[in-house]
Structures are given as structure tokens and as C-alpha cells.
Amino acid sequence: MKKGLLTLMLCLLSMLIHAQEQNQSPIRGKVIGASDGLPLPGAVIKENKGQASAITDENGNFSIRPLSSNSDALIISFIGFKRKEVSLEDLKAESESLIRLFEEGLSLGEVEIFSTGYQDIPKERATGSFVQVDNELINRRVSTNLIDRLEDVTSGLIFNRGPSAVNDPISIRGRSTIFAETQPLIIIDNFPYDGPLENINPNDVESITVLRDAAAASIWGARSGNGVIVIKTKAGGFNQKMNVTLNSNTNFLQKPDLMASPQMSISDFISIEEMLFGRGFYNSRFNDNVRSALSPAVETLYAHREGLISTTEKDQLMARYAQTDSRRELLDHFYRTAVNQQHSLGINGGSQYHRYSFSVGKDINNGPLIGNSDQRTTLSFNNQWSLINDKLEIGALLYYTQASRYGDTEMPILGPYDRIFDENGLPAQVARDHSIRFANSFLETDFLDWRYFPAREKGILSNSRQQADTRINATVGYKLTSWLKAELLYQHWKNTASSRDYAPQESYGTRWLINRYTQVANDGTLSRPIPLGGILDTQHSLATGNYGRFQLSANKNIRNIHQIHAIAGAEVKDVQTVLSRTRYYGYDDNFGISLPVNYDMQFRVNPQNALFVIPRGEDNDGIVDRFISYFANASYTFDSRLVFSASARKDASNIFGVETNQRAVPLWSSGLAWNLSEERFYSSNLIPYLRLRATYGYNGNVDRTLSAFTTANYLIMGNNAINPGQRFALIRNPPNRNLRWERIRTVNLGLDLSLKDNMLDLSLEFFAKQGMDLIGEFAVAPSTGFSTFRGNFADTKSTGIDIILNARPLKSRKVWDINFLFSMVNEEVVAYDRPATVNNMLFTNIAPVVGRPLFSMFGMPWAGLDPSTGDPLGILNGEPSNNYLAIRQQTTPDDLVYLGPERPQIFGALRNTVHIGSFYVSANISYRLGYFFRKQTVDYSQLLNGRISHSDFHVRWQEPGDEDRTNVPSIPQVSNLHRQFLHTYSEAFVERGDHIRFQDIRLGYRLENKKSRNLPFKSGEIYAYANNLGILWKASKNMKDPDFQNIPPIRSLALGFRLDF
Amino acid sequence: MKKYSISILLPLLVLMGCEGFLDERPSKKIIVPSTLDDLRSILDNTSDFNRGINFGIILSDDMVSTDQGVLGFGNDWEREAYKWSNDLNDANGNMSAWNFPYLTIFRCNLILEIGKKLSPDNVRQIQELNEIIGSAHFHRAKSYYYLLEFYSLPLRNVDLQNIEGVPVKTDTDVNVLAGRSVASEVFDLIFEDLEKAVSLLPDWNNNPIRPSKASTYGLLSKINLVLGHYEEALENAEMALSLKSDLMDYDEIASQTVLPLPFNRFPFASLNKEIIYFEEMGTNSFVTSPLSFVSPDLISSYAENDLRKDLYFSKSSTSENYLFQGHYTGNFQPFSGIAVDEIMLIRSECLARLNRLDEAAHALNTLLEKRYRKNTFQSLAFDNANLALQEILRHRRKSLVRRGFCRWSDLKRFLGETWWNGPLGRTFEGNEFSPGTDPGAYQLILPIAEVQANPFID
């Protein structure tokens, strides 16, 4: 009976449906994502005025029969994508329609998908802190290198300047570590990149995602403590017409402004030299054992004293010296405007089953130093196939870079007022290594010429460096079920580099070395242990990397209410580098022949007759870098409103000399996001999009150079050791049994909102990072056998805010865009378990003071200048004092004056882009606030030892009363190290670094091939870009540019065009 | 699902099986020292182990300079040293006289720690290990002795338990610091170390770069001399000489050298046969400056045919003064190791102090025979202990010019002797400087870097 009833109902139903079908034929279509062309399974199709509905299958296909004759459109919706309405008329016209859905968020073609390197996460599903830098922003700045493009356009990312930046060029959200790997991890096409970043052509980059917090970065584990930069190269698009892009630009960089460096005047320096000469300071140097080189003024005074030149001649020469500045000489004869050319061609597109991107790029840079240039050629070919109904995905990527660098000129070594050409326009002789008297005394002998003429050294060398970098990426993904996919990814990386430096016999360096070892027998005959001929140094390195990853990903959509996305897998990395160096003496470049030398024997070298062996240029070295990791990542979305995420990872590496059980470190994170605007109770028209998110987790950081055990380096004794050629082991570091990995705990809270009509997009984040067991280098008592020691020593805390604001105040997107980045970072030391020393705090700016930022500016307490002598006054026992030794000995870390953080606490940028018709102008202003720097000042110890010093010399105290207008002390009679220490490190010379900088401006004219025009290309653009335009405001009155104390950053102007076909 | 499980698990299993994968050393040249060869290679770093301290040169009365020479010194602390200041801190608050010995001490402690864990297989290895351990003890004792010579008060005829010494470290843990031990404790360690060295080292291995019994006895005799223990010093000296007593013949060398000695010519061979233990000192400007002269009173004390004057000194081209070039290193670096002539002089001095005057004379004559032009030397004979001592000490000064810090050590140990009134001073910019006879003037203050970083030292 039941069975019968069921059958009846089914029949009725089918008749009903059939009845409807007789009215309407099914409409078929396929729904894909607009950004990547991939099918969207589980999208809901509804007729706009009826009951019929359908859901797309795993290939994005659907078939729907509208039930109501009133319906005239289909509404297609999918979580995270904008609802789309398509008219039935349009759909019926095609046999199978392709419907593209755009992601929520920024409209019209700008979709935010964050690439983590493991998976792509649409913004909706992301709980962590991600910043995306899109293609347009990447291409805004003109530069050869990729990393430069991120400067001042990426929230939370700062390019560090100042003396400590050498080791630490980029920081994301402040620095969580001191010495362990300070660089963010760079991921390219899903794998870490271990090669030089200069090898990536920015034109090949599709998007860059910066992962800033634990949730974002813990996916990458041990090296993600400083943030992760994920780079995706262009891949074309499925079902996309072929697109050809041609980009070409030329960038002109001005010569470095050497004259801007704060050096004291030449004439004042010469006066000091005269004073020292009068005191007899140089007497021990005129004929010393190494025949020291002396400045022209000192030589002239000596010649005059010896009666070799008249007083009139001396005065003439001294006057001429005062008019010369060797920096001007360098600018005139060795520097030029650098011209960098960049050309690239990209072709991408795709069919239903295949997408591709092909590119070729060439950069030719003629460097600022005459005779030096470098080139880079990049070639990339990226293919992806989606077969068997999108079940099987295969990807193959080849990226090849060839880079070369050429140099034929070495920067000359000049004293402050040496000339390159004399008054007759002939090459001038400069004292180098030895005095001119010494060099000239060999002219009648068979020795090679000892003299140094910088002008003759131009173009004399032949130095070249070639590099070939190949990356082959292969991926295979197979959908085991509709929701489970298995992927295997493999990358092979190879980098070969070789350099060849040839210094012919005519070059100064080679002549000097040959002469140095020339032996004179009792009868006067010469023999040459270093034979006549050139010197050739070659170096080869080969780095090979194999990276493999196996990963399972699950993407399940349960009744459109529950969505689960998860990945789990393991990966392995093995990078090996081999390096070798050789040197050839007596090298004849015409025939490629070199001559043997005796490395075992000690020779008496000229002129000091000391025993030395001939320097060897041979070496072989190797590096092995291995990693094994296990990872898992999952997110659960409830009704597209709530997202829960979690990730965990375990890393193990062959890091050296760590107890085996300490090799692996587990790291994890978890997150939560709430899409408020999806809630039923939410109905604001003003703010159509509102989202909250929070994450919590642990990152780790690793210092590959550190070991818990004592390590030693095997080397060969050389130089003037008593046992040359002997193999020995040099101790590198003492044992550190308590060595632990650094851990960083991060909490991140975020708010994203959009105002209606896209007038304003705001992303506001608050983060709190806790760094534990940070590794740093700190001073230890020399009685341990070491002066410094690297180990775990501090816990720090940093909190901050990152704000990204995009506003379009004039309703329409295209007229005025304001992009405002604001970041605030507040760092402080929580615990420090090493003794603090005054030396450490003043020399390295690392402050072991609880409650203060880790990088802080401190100064010696200052009591001004003595009104009668101009001597600097410090504080001793609470009173002003000039007992410099006692001050130095008795000042404790608590006595030092704290002035402020060394790194900017607030930084960001304001970028305005205005479109007027086809023209646009975009200007970027960056700002750095809330930090201090130590201003350089004159060093009297250097000056009184005959070396030129800082221009503060001109504002020094000279007579009573001057102490009211200057802090620069008088020049002492005799150099006094402890007095100079007080002067250099006084609190009076620490200044605020706050400034606002006009970073760059870009102008362009865009052409679109619209209906009216008949252009050979689809769209095009000509543009101009100017960089480093100058400081708009600064807090310090005594510094032209707070971040660049010596030479201002180089200004450049680029012109270029881009065509799309 | 089942059929897929294998393909998923297999790669994971493979990965987990590769434990050795992570054991590979990250860099070819870097190792954790653990074998016998590694320890030997650590010792072969002559820059760390065979390095002496040059403070003694400028802190002695053998050297004198002009105002301009002093002004021309490269560092401020060198000028302070010329004035015999106690504070020789450089610009960073460091002193090489402190840092170098402790650097060596760490390495010795490391070698001893690792050496304890090794178990040699055969006779050759046992010998090698003994020599390595013995060397470590030797170098450690030597380093502590050097530290005391500069940072403690004079050590002769005093209660060593009341004299401030230096921190003693016998472990490699950088986290463990120590305050200043008293001198007696430091000497306990020194003598313990040297006893062990004597028992482990070979008599004489024909390689003066490596320590031997001969060099250990030599060092013991120097230390006992400084402490005023003349009997022990004599015994040690004789033990050393019984193992090595070759002397260079200065007459032979003079015949092969261009005389008068030109500037920058070093007449002695670099590892000559007189050296028992090779050590050289680094050069600061006061060492190499052509205005760093030998004290005129010393120069005038040499007799007519004394070849030491001819081979050690070169007349300056700019003045009547002489420069020192008789380095036993054969190079521009001064020699600070132990040589036969010094041990012979110790022997002679001890014999004189013990009133064994004939033997004292004989010992001195053996040395001086090889220092004078052939057939010009007239043997000495002593009949008065005081006069004998003075004569021996004069020859000691004439032989050991710029020899390590021998003269500085002598200036310290002479204090309190009835016949000693302190060294001749030096003038600089019109002022006279001399350490005089106050023991406090012969002790350097500790480096600022140590005081700041060591909570046990104030």
C-alpha cells in the first residue's frame, strides 16, 4: 500500500514537472569565480519570481527550469561572492552560459584572495591578519627589484634605516627578534625562496600577500616569526582571451650627493694638519718601517722643512689644497647618472582546460660608478591544466633568471683633498699604502711602478659575475571525491653563480702585490716570488634545492550552512650549496696561462722586511639546509557568518649542534571571525559590510648560526703566522646548554568595514606580540674568554595598531582615491636576564631596561660646557664634572638618560590618486614618528690623529660665551678618549627623527580602445615616476634628513609606457 | 577511501623514516670539536696560544721616546702607558693584557673538558692525548701567570693570601662568573697545572711552538724567580737546561749579517735553536714606531766587543738613539717566549743569591762566551755575593731587552731590595713620570668592560 502511494506521488510529481517542462526548457549554465576562472560548486540558482532553484555541481554546472512564467532572470548567489542577476533572455541565447561571480569586498574586478602559499583564502574566510598588495600597486613604483615595491605601500611593513638596518632591512610589525633570522620568510609559488630576491622580475608578480600575525604565519612555522611575504607569479586565467602586455621604462638616478655629507671644511682640516705637524706628531711616520702614506699637506710641510721647496712654493701648494675636495673629484670623474632600463613582455590567457602565462623580461642597468653595469634576463612559462572535469589539475612552471654584473673600475681610495687630475689636466699621483717619496724612489730601478694614479685605473679591471637561477615547479592535484583533493607539489631550484675578477699587471693592486714580495739579492738582482702577470680570482657556487610537499585538502559544503576547509600534509626541503674559490698569479689573459707560486715559504716583504707568506685565494665550502615539517590547517564556517580556524605545525631541521630532541618545535594558532553584516539582525545601509576577527597563536624563530655546543671553524694559517699552511680550528662560540628556540605569541583583533557605495573601506587591527626567549648578542665579562655572547636573553612585548583606510570621497571610484596607512608599534622589554652594561646600551642601542623599548636611545648625562674652557661636563656623584675617567668608570646603566625609542613607533603613508579623464596623478607621502637617532658629531680623537672629521667642528666652542649657543665642546690639546666618549654619547646629541617625507609621485595617461577609437592595442599607458622627492617636515633642526645622516637618498625619474593587446 | 589510504600514508612513512636526513652538518667547515684531531687543531691556532702581551715593553725603563714620538702613538692608552698610568683602558673599555689570557684560558678549559671524554685506542693516540692535555695545562698556567703579573701587586716577599688576584675559571660556561681570587689560590692552580704538564709532556719535541717538559720547567723557573723562591727556581732552571741548552753563537751570526744593522733588518732566524718555547707579541705603534728608542743608559752599558749591541740594535737615522731589532722571532713582532739564554741567566742569578758564587760565574760565562766577538771575552769570577748579583742582573738586562715582559717583571720583583731605588723615569711635555718604588704603581686597574659585566667585581 505504501509503495503504491509513493509511486503515485512520484508520478504526479513527474507529471507536474513534465507539465512545467512543456512550458519552459531547461537553462544550463556554469558558474565560475571571476578572478581565477575556477568553478564554484554549491552556488544557488533561483528564478527571480518563482520557486525553482538549483545548485551547481562540483564542476559549477547547473540546469534549471523556471517554474513561473513571470520570471525573467536568474539570481545566482554563493557565499563570499556578490549576488548576480542574469536575464533569462541572455541565458537562453547561449546553449551553455558562463556566469562569472565577483567576490565580496572591493568591487568590479578587484577581488581579495589571500594566498598563504598553501591555499588561497577568500577574504571572507580569513581570520588572520593579511595584507594584499595587488598588481597595480606592485607596478606603481619603478624599480629593478621586487622588494623595493613594497616600501611605503604595505601596512605594517617598514624598511629600516639607520645603523642597525644593515642586519635587519625589513620589519613587519616591529622586530620580534634581535638576531635570529630577522628577515621575513619569502614564499614564491608555494615554496620558500632561498635565492637572491633580485632574481625575481616584478613584472612577473601577480600579487603579494603579507602574513602578519600568528594565524597567518603559523602555517609556515619556525621561520614565520617575522611575518611571511607570499608572492604569486602570473598564471593566466581559464576561459580568458589571450592578453599581451608590453611594459618598458627607463629610470634615471642622480649621482649620489657626496658633497652633502657633513664633513668639516678642507681648509680647517689642513690647519689642523699644520698644527699637528708643528707639534711633531708626524715625525714618527716620515720614515717608519712601512713608509706610511701621508697627506699632500703633510708632505709639503715636510719638504719645506727639509729645504726642498721654498716658502713661496709651500704657500702656493697649501692654498691649492684648501680649494680641492676629493668628493667633487669623484663626482666629476668617477660617477655618472645611472640609467636603468626595464623591458618586459607578458602573454597570458587560457581556454576551458588550460591557462598559461609566458613572460620575458630584460633589465639593463648602467650603474652610478663609471664602467659598472648589470643586466638581468628573466624567462617564465607557467601552465596549468584542469582535466577530467576539473578532477585532475596539473601545473608546470619554469622560471629562469640570468643575471650578470660587470665592472671595470674600482672606487679610488683618496684622501680628503687628493685630486684625480692635476692643473695641467694630467693624471695626478695620490699617496696610497706608501708615501709618494717612497713610491718615487724606485723609478730608476727594475721594480714595477709603485705609484698610484687613480685616473689611470679607470677601466683597467675586468670583473664579471654571472648567475643563472632556475626554478621548476610541478604540481599534481587530484580530486579523490568531490570534497577531498590530494596534491603533490615539487620544486627544483638551481642557482649557479660564477665570478671572475681579473686585475692585470698594469693595475695598481697587482703591481703593489708583486713589488711587495720582490726579493733583492746581495748583488742587486731581483727575483719575484709573485711572478709578473695579472691576478685572476675566480669563484663558483652551486646551490641546489629540492622541495616536496604532499597535501590533502578537504572542502565540504554541507547544505550551504556548514562549510569546512581543511588541509594537512607534510613537506621536506633539502638545499645544498657548494662553493669554491681560486686565485691565479702571473696570469696572462691572452693565452689563459698562469704561473705557480710557492705558498709554503715565508718571504721578507717590502718595505718592512717582515715575514709573510703569499696570500692564497683558494677555498672550498659547503652548506646543507634541511627541513622536515608536518602541518594542518582547518576552518569551519557556519552559515557564512561565523568562521573558526586553527592551524598547527611541527618543524624539524638540521640546525646545528642542538640536542636532537630540541630540533623540532611545534607551533599553532587559532582564529575566529564574525561576518556581522551577514547576520539577519544586521540591516545597516550605511555600513553594508562589517566583520570582526580574532586570532591567537604561537610563532617560532630560529637562528641557524647558533648552537648549544661549542663549534669551531676549520681554517688554514696564513699571513705572517709562525706556522703558515697549518690547518687549525678556530673556536666560534662557547657552549650554551640552555639554548632554546625563540617563541612569539601573538593576539590579533581585527575589524573590517565598508561604507555604502564603496565610499570608504576600513581595516583596523590591534595586535599584541609577546616574544619569549629572544636570542640576542650581548656583552659578557671578558674573563669568560669572550667579549660578546649570543644566547636567549630577553622577553619582550609589543602591541600595536595597523589601520588601512581606502576612501573615495567623490562617490565614483575613478576620480579620487585616498589610501591611508597607519601603523603604531609599541615595544618594550619584559624581562632581561643578563647584566646591562653602559657600553652595550650606547654602542648597540639595545636596552635591557624593563619597561623600555628593546631598541632605545640612551645618552650620557650632560651638564653643558665649561664656560672657561669649553670642556664637556658630565655628571659625577650628582655634580657637574670633568673627571672623564671617573665618569666613564662610575656611570651605571641606571645613570644613563633615556631619550626614546630608536625605531619609529608610528609610521605609514598617505597616497592620493586623482583621475582626470585619462590622466592620473598619484603621490605618496610617508611618515615616521616617535623615534630618535644619535647625531654624528666631530671626533677629536680622530682629528688629532690626523683624520678628517665631522662638520660640527665649525660650531664648536671657541671662546667664553659660546656655551650658550652650542653643545659642541672645544678642541682639546691632546686627544682624550674618555672625554670624547662623553661628547659622542652625550644626551645632547640625540635628536628626534620624526619626519614626513614626500616619497614619490606618478603621473600617467591611460588609453582604452573604446568604441570611438581605432587603436592597435586594447589599452595603454604612458607614465612618469619620480622617487625620493624630499623631506616635507622634520622635527630636528640639525639634520637635513633624519634617516640618512651621510648622503641623502638618491633621486630618480623614470619614464615608461605599457601596452595591452 | 580505503584504496587511497596507502597512497596518502606512504610519503609520510618515507619522511618519518629519514632520521639521518637531519643529522647532516649545516656547513662544511664548522664542527663540534670532539676528536683528538680536533683538539690538536685547536692548539695549532698559534694566534691564540702562542701570543704574548706587549704591555711590558712600554711599561719598562728599556724604552724611551721623544714627545713627538709619544704624540704619534696610535692610541690614547699607549700615551697613558708611557706615563706608567694604572688605567690602560682602550676606547671600548678593553685591555689586551686581560682579554688575550682569558681567551686562551677558555680554550684550555674546553680542551680539558673534551679530552676527559676521549678514550684513545693505541699507544700513539695515548701519547698524543697526553701531549694535548699537558699543553692545555701549560697554556692555562701561563695565562694566569701573565694576568697576575699585570693585575696584581708585586708578588715577592708578601703574603699571597692577602694579595688580590684575578677571577679563576676552570669551566667553559659563559654564564658562570667569578670574582677576584686571592693570589695564593691562583698560584695553587698554576702550580697544579704545571705539575700535570710536566708529567704529560715530552721532554723536548724539536718543535718550539708546542710546549714540552723543557718549556714547562722554564716557565716554573720564571715564576719561582718572581716569587723569590730561588732554590726552586734553580732546580727548575737546571731541569730545563738538561733537556735543552743550545745557544746561538752571536759571532757566527754577526759574520753573516750586514753590520752596522740597517733599519728593518732582523738578524736572527725565526725558529732559532735557542728557543725553548715560541711566543710572539702583537704590535702596537709603540712597538713599531721609529721614535721608540732603547734607553740611552742601557745602550751605553754594553762593552766594546759585546755583540748583543751589534745584533739587537740599529742606529736611528734621525737621532743618536737606537732602535731594537733583535727579535728572536726574526720578524717585526717582538719575542715573548722562553729561550735558553733567559734560563741560564735565571740559573746564574739563583746561584748567586744562594751564595754559590763559583757556579754562578760559570753559568754566566757559558752564556756570555757566545755573546762576544770570538776570543775577546774574559771569563768572570765572583767573590762578593752582592757584586755578583749586580753583575748578573746587568747582563740580564742587556740580554733580555724587549723579551716579553721580563723587564716589567724585574721592576716589580726588585721592589724592596736594598740596592734598588726604582727605575729611571721618562719625561713627556716637560713632566717627569716614574712608577717609583710604590708597589701600587705596578698594578693595573681592571678593564671597564669586565667591571661593568661582572657582578662579582665592583
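A residue is called buried if 20 or more other C-beta atoms lie within 10 Å of its own, exposed if 12 or fewer, and partly exposed in between, with C-beta atoms placed from the backbone. The model is predicted: local features need pLDDT of at least 70, side-chain atom pairs count only at pLDDT 80 or more, and totals for chains, interfaces and linings use all residues. Residues are numbered from 1 along each chain as its sequence is written, while chains are lettered from A and ligands numbered from 1 in the order in which they are written.

Thr409(A) falls in the partly exposed class, because 18 C-beta neighbours lie inside 10 Å. Its place is the loop between strand E21 (392-407) and helix H9 (436-440) of chain A. Helices (H or I, at least four residues) and strands (E, at least two) are DSSP runs, numbered from the N terminus. Ile460(A) is 51 residues from Thr409(A) in sequence, yet the C-alpha atoms are 6.4 Å apart. Contact between two residues requires C-beta atoms, placed from the backbone, within 7 Å. Residues up to four places away in sequence aside, Thr409(A) touches Phe334(A), Leu369(A), Ile370(A), Gly371(A), Asn372(A), Lys458(A), Gly459(A) and Leu461(A).

Asp537(A) belongs to strand E26 (residues 534-558) of chain A. Asp537(A) is also partly exposed, with 16 other C-beta atoms within 10 Å. Arg500(A) and Asp537(A) are separated by 37 residues in sequence and by 5.9 Å between C-alpha atoms. Neighbours within four places in sequence left aside, the contacts of Asp537(A) are Asp501(A), Arg583(A) and Gly617(A).

Chain A also holds an open sheet of four strands. Their order is E3-E2-E5-E6, and the pairing is antiparallel. Strand E3 (53-55) and strand E6 (84-87) of chain A each have a single partner strand, so one side of each lacks a neighbour in the sheet. Neighbouring strands are turned by 20 degrees against each other on average, direction ignored. Axes here are lines fitted to C-alpha atoms, for helices over the stretch in contact, and angles run from 0 to 180 degrees between N-to-C directions. Strands of a sheet pair through backbone hydrogen bonds, either parallel or antiparallel. Two strands count as paired if DSSP finds at least two bridges between them.

The bridges can be followed across the sheet. Strand E2 (residues 44-47) of chain A is joined to antiparallel E3(A) by three bridges. Val44(A) faces Ile55(A) of E3(A). E2(A) and E5(A) are antiparallel, with four bridges. Here Val44(A) stands opposite Ser77(A). E5(A) and E6(A) run antiparallel and share four bridges, with Ile75(A) opposite Glu85(A). Strand E5 (residues 73-77) of chain A has Leu74(A) and Ile76(A) on a covered face, and Ala73(A), Ile75(A) and Ser77(A) on an uncovered one.

Chain B comprises 20 helices and 13 strands. Its C-alpha atoms fill a box of roughly 105 × 50 × 50 Å along the principal axes. Of its 458 residues, 49% are buried. Among contacts in chain B with a separation of 6 or more, 71% join residues 24 or more positions apart. An unreviewed UniProt entry lists residues 21-225 of chain B as "domain: SusD-like N-terminal". UniProt positions follow the numbering used here, feature names are shortened, and annotations may be inferred rather than shown by experiment. Residues 21-225 of chain B are 54% helix and 7% strand, with end C-alpha atoms 59 Å apart.

Helix H9 (residues 183-200) of chain B has 18 residues, which at 1.5 Å a residue should span 26 Å, and the end C-alpha atoms are 26 Å apart, in agreement. The expected span is 1.5 Å times one less than the number of residues. Buried residues of H9(B) include Ala183(B), Phe187(B), Asp193(B) and Lys196(B). Their cover includes helix H8 (123-151), strand E4 (164-167), strand E5 (180-182) and helix H10 (213-227) of chain B.

The contact between the chains takes 73 residues from chain B and 75 residues from chain A. H7(B) gives the most to the chain B side, with eight residues. That side divides into 35 nonpolar, 23 polar and 15 charged residues. Ala, Val, Leu, Ile, Met, Phe, Trp, Tyr, Cys and Pro count as nonpolar, Asp, Glu, Lys and Arg as charged, and the others, Gly among them, as polar. Strand E35 (residues 711-716) of chain A pairs with E1(B) in the antiparallel sense over two bridges. Asn713(A) has Ile30(B) as its bridge partner in E1(B).
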